[in-house]
Amino acid sequence: MILFNYYCFRGLTVSLIQSYRHLGALLLSFLLASCGTETQPESSFQPLQTVTARPDIYADFTLTADLSELSDDQREMIKYLIDAAQIMDDLFWRQAYGDDYETWLESIADIDTRRFAELNYGPWDRLDGDKPFMEGVRAKPPGANMYPADMSKEEFEQAYLPGKAGLYSLVRRDAEGKLMLVPYHVEYADELKQAADLLKEAAKLAESTDFANYLKLRAAALISDEYQVSDMYWMDVRDNEIDVVIGAIETYEDALFGYRAGYEAYVLIKDLEWSDRLSRFAQFLPALQKGLPVADEYKWEMPGTDSDLNAYDVVYYAGHSNAGGKTIAINLPNDEEVQLSRGTRRLQLKNAMQAKFDKILEPIADELVDESQREHVSFDAFFANTMFHEVAHGLGIKNTITGSGTVREALLDLSSSMEEGKADVLGLYMITELHKAGELGEVDLRDYYVTFMTSIFRSIRFGASSAHGKANMVRFNFFLESGAFSRDTETGRYSVDFEKMEAAMTDLSRLLLTLQGDGDYDGAKKLTESKGVIGADLQSDLDRLTQAEIPVDITFQQGVAELGID
């Protein structure tokens, strides 16, 4: 994210604002007026209501794992992986805010404000619609620091820039003020080489030959922006107890177009027991795809059957994955060609998931779920709903049936929220179908439905700036209007109508799959604008959660010291 640091006057602006912060908007407007060929739209300079820094909305959690079975070489390898992850953290800061972020952080005198800035990778509250929490801060640029701050969508759309929808380039201005592309591997060449060298050193210590080869391929990907080969190879890496997800991966930070990928990393330790329990579910994907409640043309693509389900303890988050709300499950690679050819790998982050259940979901259930259904909120159901959400990313369609390219290309900035919404509701569909087929064993389906509803309250609190938050608001309102949920006006507690729940699940699945298959941007926008809102009753209920001091999310104490390997 960028605050006052815009590309064409980077050093000058930062020093001026640190020295003359009291000039605020006047100084910023003057500088922007003299920079480049265009200024931001007038509306972006209107005063914004700021919110208060609130680091207390995050519950602290220490990331640890049982390393007792690991060799000395494996422990040493983890150090290299964490060092490489920290470089991804630096790069994401630069993508999200600007190159001067360290100087800016040091200038913040108030401890709570600085801590909140660190958690949000900038001065905008990611769990409250990206509202500024510092005086004098303007609206967060929707394209973060991946585009010129003074660039309009129209200018970009009209510019002749071959490859401008690519994942791995920054949009900048040349000396004449015209838009140009700067590849990541050029802009961040030194840092990416350092990260690549660390992965190569880690490869020398790997006990799994396949994992060692993957690390070397990923090192090559970092310095070339060519990720597909390493993504494809990663699908075959199965015998490693340690894993790492690293690189420019998710496009959520680019809220302008949804094109550009942000840097992130996870360092992971496999939970062998839980992974064994999950391994069999990928085989059901083709049958579930055929049974989707939508016309055949929207499910002609057949998901790969080589998908991998595993459980991990995560020991380090960095970059995008660590910004604001924390991910508790991963579904990768994102490359549509890899997904259609090989499927994806679904990584369940068990220790982070348990932390969210204990510190957030159970307290929410105590406050908002009807007492008659409170017993149906369980960790096993939370784990399964999360897992099948990730599996469900493999269902549906990746390429539009209207010739509009991929779903991601057609739905632009709405593609992420539509995809997250689809995965959530199809995850519940998968659970329902597998339960009917007797594949889930002796479980109570009501546990999954009530836990699903409770999880919506948790995710809605992530705010409108989050793709997950938008998807959850759409789903909540759709289910409420369908009678799948009901609210007792006296107690303010919610309950599930189990029969109507299944019908609403089917109807919403059909709607989202159709919007994606048609590449219907206008339809997706209409759905988001009409149902992606928080009504008065729901806002009152969310306020109760705040008053009860229930955390919105978790933040981590993490690193080699916490793991006892420093």
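**Exercise 1.** In this predicted model, find which residue of E8 stands opposite alanine 265, and then work out how the strands around this pair are arranged in their sheet.

*Solution.* Begin with the pair itself: alanine 265 faces alanine 318, which belongs to E8. Next, look at the two strands involved, where E7, covering residues 262-271, is joined to E8, covering residues 308-319, by eight bridges, and the two run antiparallel. Then widen the view to the open sheet, which has five strands in the order E6-E7-E8-E10-E9 and mixed pairing. On average, and with direction ignored, neighbouring strands here are turned by 35° against each other.

**Exercise 2.** Determine how helices H3 and H8 are oriented to each other, parallel or antiparallel, and which classes of residue make their contact.

*Solution.* First take the axes of H3 (residues 72-96) and H8 (residues 189-205), which come within 8 Å and cross at roughly 165°. Angles over 145 degrees count as roughly antiparallel, and H3 and H8 therefore fall into that group. The crossing of the two helices is left-handed. The residues in contact include Tyr80, Leu81 and Arg94 of H3, together with Leu198, Leu199 and Glu201 of H8. Sorted by class, the contact of H3 with H8 comprises 13 nonpolar, one polar and seven charged residues.

Methods. Residues are numbered from 1 along each chain as its sequence is written. This is a predicted model: local features need pLDDT of at least 70, side-chain atom pairs count only at pLDDT 80 or more; totals for chains, interfaces and linings use all residues. Side-chain values use heavy atoms; hydrogens and water are left out. Two strands pair if DSSP finds at least two bridges between them. Helices (H or I, at least four residues) and strands (E, at least two) are DSSP runs, numbered from the N terminus. Axes are lines fitted to C-alpha atoms, for helices over the stretch in contact, and angles run from 0 to 180 degrees between N-to-C directions. Angles under 35 degrees count as roughly parallel, over 145 as roughly antiparallel, 65 to 115 as roughly perpendicular and the rest as oblique. A crossing is left-handed if the near helix is turned anticlockwise from the far one by less than a right angle, and right-handed if clockwise. Contact means heavy atoms within 4.5 Å. Ala, Val, Leu, Ile, Met, Phe, Trp, Tyr, Cys and Pro count as nonpolar, Asp, Glu, Lys and Arg as charged, and the others, Gly among them, as polar.
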